[in-house]
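Hello again, notebook. Today I open a new model and jot down what I look up in it.

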Amino acid sequence: MSSSLPRPRVGLFVTCLVDLYRPSVGFAAVKLIEASGCQVDVPETQTCCGQPAYNSGDRLSTIEIAKTTIAAFEKFDFVVAPSGSCAGMLKKHYPSLLKDDKAWGPRATALATKVHELINFLVDVRKMTAVEARFDGTATYHDSCSGLRELGVKDQPRQLLASVKGLTLTEMEDNEVCCGFGGTFSVKYGDVSNAMVEKKTHNIAAVKPDLLLAGDLGCLLNMAGKLKRQGSTIAVRHVAEILAQETSDPALGDGS
Amino acid sequence: MNSTSHNFKDNARAALGDKQLQDALGNLKGGLVAQRARARDALPEFEDLRDVARDIKNHTLANLDLYMEAYEKKATEAGAVVHFAPTADDARAIILEICQQAGARIVTKGKSMVSEEISLNHHLEDAGLEVVETDLGEYLVQIRHETPSHIIAPAIHLTQAQVEADFRRLHTHLPKERVLVEPAQLVNEARQILREKFQRADVGITGANFLIAETGSSVIVTNEGNGDLTQSLAKTHIVLASIEKLVPTLEDVSTIIRLLARSATGQEISTYTTFSTGGRRPTDPDGPVNYHVVILDNGRSDLLATEFREVLRCIRCGACMNHCPVYNAVGGHAYGWVYPGPIGSVLTPGLIGVKAAGHLPNASTFCGRCEQVCPMKIPLPKLMRHWREAEFQQKDNSAGFRAGLGLWSYFARRPKLYHLAAKIGIPMLGALGRRRGRFAWLPLTSGWTKHRDMPAPQGRTFQKLWAEHKAGAQR
């Protein structure tokens, strides 16, 4: 990364959950993207990627939301989201939603080529190999479904976590199995969702970590909610918080 | 088969509370899932084969009418009688008539999900026939008056202890003090009972894994050999197959078969792969005298012209359900109809309507594991989403759900209003939850908070903090 070159402009797709629930993840993402040699901007005209409508069968609303998002982000060199699920929506689903639209189809496809999940962007695009961070303790990492299966996020977070001083990563069993979140699924089919997250927290607890990490806030809310209901003291954080050492706020579900 | 798919939520709740079922389901992961992974890893061209297999079926489905004609011609030349059954009623009537013409009293059956789909056993039994399932799992399900809970492992919901109890209850002519501890002992007992039925059967009914247009053959793959005894010992063999079982050539079968058993059980190939082309020829030492093929549509051709055509590529390996976390949690019966798991969540609304089966495509987190393992690369989550879209268009969702979604999307489409509402709402929620860091209850989210806490938000939105941060940086 030569400093004489202009720094690429990254539009941060904050994601609605980070915006509403956990701004510290957004600031962690900004810090990491800047450390990778980019400048970050956050368009105000973003809301949500549209998955709640998309996954509920409301295609028309989703298309409206997709157009708003495309318009807000197409001017950037890269679009980065601290979520595999939302990045997957922009990258994989917007083009297919708009493929029959002569005006918007090409815009959706052009945007898709620039969209990346945060850690994937840092490692695969910006060739980041290490971070300046410290966490003394053990952690386990849950592979969120969309990031893993739609975008191939698997080794990248582990590679950066390996550079965090003091941190030991212990893999749990079935780290690639869904935690049971699934957006509205978690409320509509609460009993089934609970059975799934129970298996997940069982596997988490079995490796006795100090910390549970993942790259998607939806899954993290689900797993933290279950762990806290079970009285667990395992701290739950977005992986970006640890990589950027943005840990002044309490972990998910922990009081101040 | 009557559907209870509309009761999915209650079915699922009952299944989650069924300790025996949960014990039985616990065996899936170490069994079929691990075995498939080993088989896949041992075949370097596995992923390439999936593309080839997908293309074979896509090509067949695009030319189904032509291949069906070719199949019928070849099969007839080989001595088969081919019947087309547009509906389940038609198929049942055709099969009963064949049985009656054969003067049948005992009918043996190989494993066939299509026969479950058309409730064949009940129909034949009502007409006074004795129908005996000869696949071990199907036999267990039959003697319990249940239905299969998995398409290749029909009795996967049962524990060994349940099987022993059933055998002692039913096989009362055998010595009470016999030992039934090992699986092999149970299998031997079933074999003993079934041998006698095989010898006395007048008609044998099997499904088909493939119909081959090039040769007019039907193919079954089994592991117990029961299918072969069913189809070769009785005087009359009836094959019951749905239209999408057709493939153009023998070569195509050879390709797809390399994926089938590996995806299903992790075997390189099933123990038995049997090709039937017509009935017994004058020079053959054995085999059925009469060979009938009943080809069922039952709504499938309506799917051909839609985006759901892709589901007709399915070869019924069961990998999608083995890998599905929802199936693993609730088992197959909760789905309420013939085909459980992700394939059922796409196929069932197609065959019995989205109104009756709307829960199934909704009861998924879209985790994508099913699509990842499907040997035929069926985009199951995408097709489930298409059903949700059909449901939404037909306004089949509950009024409350539609209102909530409508309100949310009203804001999501209006960034200014959205951020304003967030700036007002989030600090309130944050203040309420700050001390404990979480909520044990929140309005409208009882499905969540019944089982889990809801972590509290940090209390200010990122957008607000970012605006302050930028203003600060500019000063």
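**The open sheet**

I began with an open sheet of 4 strands in chain A, whose order is 6-5-7-8 with parallel pairing. Strands here are DSSP runs of E with at least two residues, helices are runs of H or I with at least four, and both are numbered from the N terminus. Two strands pair if DSSP finds at least two bridges between them.

Next I looked up the edges: strand 6 (165–169) and strand 8 (235–238) of chain A each pair on one side only. Neighbouring strands of this sheet are turned by 35 degrees against each other on average, direction ignored. For such angles, axes are lines fitted to C-alpha atoms, for helices over the stretch in contact, and values run from 0 to 180 degrees between N-to-C directions.

**A note on the source**

I keep in mind that this is a predicted model, where local features need pLDDT of at least 70, side-chain atom pairs count only at pLDDT 80 or more, and totals for chains, interfaces and linings use all residues. Residues are numbered from 1 along each chain as its sequence is written, while chains are lettered from A and ligands numbered from 1 in the order in which they are written.

**Inside the sheet**

I then checked strand 5 (residues 134–141) and strand 7 (residues 211–214) of chain A, which pair in the parallel sense over 3 bridges. A:T140 has A:L212, in strand 7 of chain A, as its bridge partner.

**Whole chain**

Finally, I noted 13 helices and 8 strands in chain A. The C-alpha trace of chain A spans about 50 × 50 × 30 Å along its principal axes.
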